[in-house]
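Welcome! Let us walk through a protein model together, one step at a time.

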Amino acid sequence: MAWDEWEQLKASAAERQPDRMQINGLPPEDRPNAGNPQGDLKVSQTDLAKIGDEAFKLYNRLWKEGRVTSTDSCGSDLDSQGFALGKALQHVSTRWDKQLGSVMDACALISNHMDFTKNAHQGDEIFIERHVSSIYVLDDGFDESYAPPGQKNAVYGEKNKKDEKG
């Protein structure tokens, strides 16, 4: 492709603005449902707990209601009586158990991950809060307007006379 042809293609694409791709934005019809226009994701501890709780409930329901133990014995009985359906039923039962196990593992993973995420973020919040509060105290010590000129800064407290004597 010649350079001139490339330039012509770029110019014609620029003229067709409605057809161009927009990477960092939403079409106007989707904007009312978009939430924060900046696109920032905000998740509260309550949201994480709800997701983890629902995954845990689903795991328990699958354990109680999703397992079909009667098909194993039915498949064995039919097979022993010479029915080809017996082996097919055993095969379906084995595949069902494997697939059910995969879904249950995914639910357990989601539940555990939400618990871990909730605890990790809570730890991060505590760390940040402590760090910021220590910066605040340090900043007060350097703030000249905190105490009038020539007076002691109250942040540091009064010295004991015993400590001065050594």
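What you see is a predicted model, in which local features need pLDDT of at least 70 and side-chain atom pairs count only at pLDDT 80 or more, while totals for chains, interfaces and linings use all residues. Residues are numbered from 1 along each chain as its sequence is written, and side-chain values use heavy atoms, with hydrogens and water left out.

Start with the overall plan. The protein chain has five helices and zero strands, giving the pattern α-α-α-α-α along the sequence. Helices (H or I, at least four residues) and strands (E, at least two) are DSSP runs, numbered from the N terminus. Of the 166 residues in the chain, 11% are buried. Here, buried means under 20% relative accessible area, exposed means over 50%, and partly exposed lies in between (1.4 Å probe, protein chains only).

Now look at helix H2, residues 45–66. How far apart are its end C-alpha atoms? They are 30 Å apart, which agrees with the 32 Å that 22 residues should span at 1.5 Å a residue; the expected span is 1.5 Å times one less than the number of residues. The buried residues of H2 are Leu48, Gly52, Ala55, Leu62 and Gly66. Seen down the helix axis, these buried residues fall within an arc of 100°, so they line one face of H2. That arc is taken from the directions from the helix axis to the C-beta atoms. On the other side of H2, Lys50, Arg61, Lys64 and Glu65 are exposed.

Next come the charged pairs. Side chains of opposite charge can pair when their charged atoms come close. The structure holds four salt bridges, each a side-chain nitrogen of Lys or Arg within 4 Å of a carboxyl oxygen of Asp or Glu. In one of them, Glu65 pairs with Arg61, with the closest N and O atoms 3.0 Å apart. Because Glu65 and Arg61 are four residues apart in H2, about one helical turn separates them. Another joins Lys87 to Asp79, at 3.4 Å between the closest N and O atoms. Salt bridges with shared partners also link Asp53, Glu54 and Lys57 into one network.

Finally, visit helix H1 (residues 3–15), where Trp3 lies. Trp3 counts as exposed because its relative accessibility is 62%.
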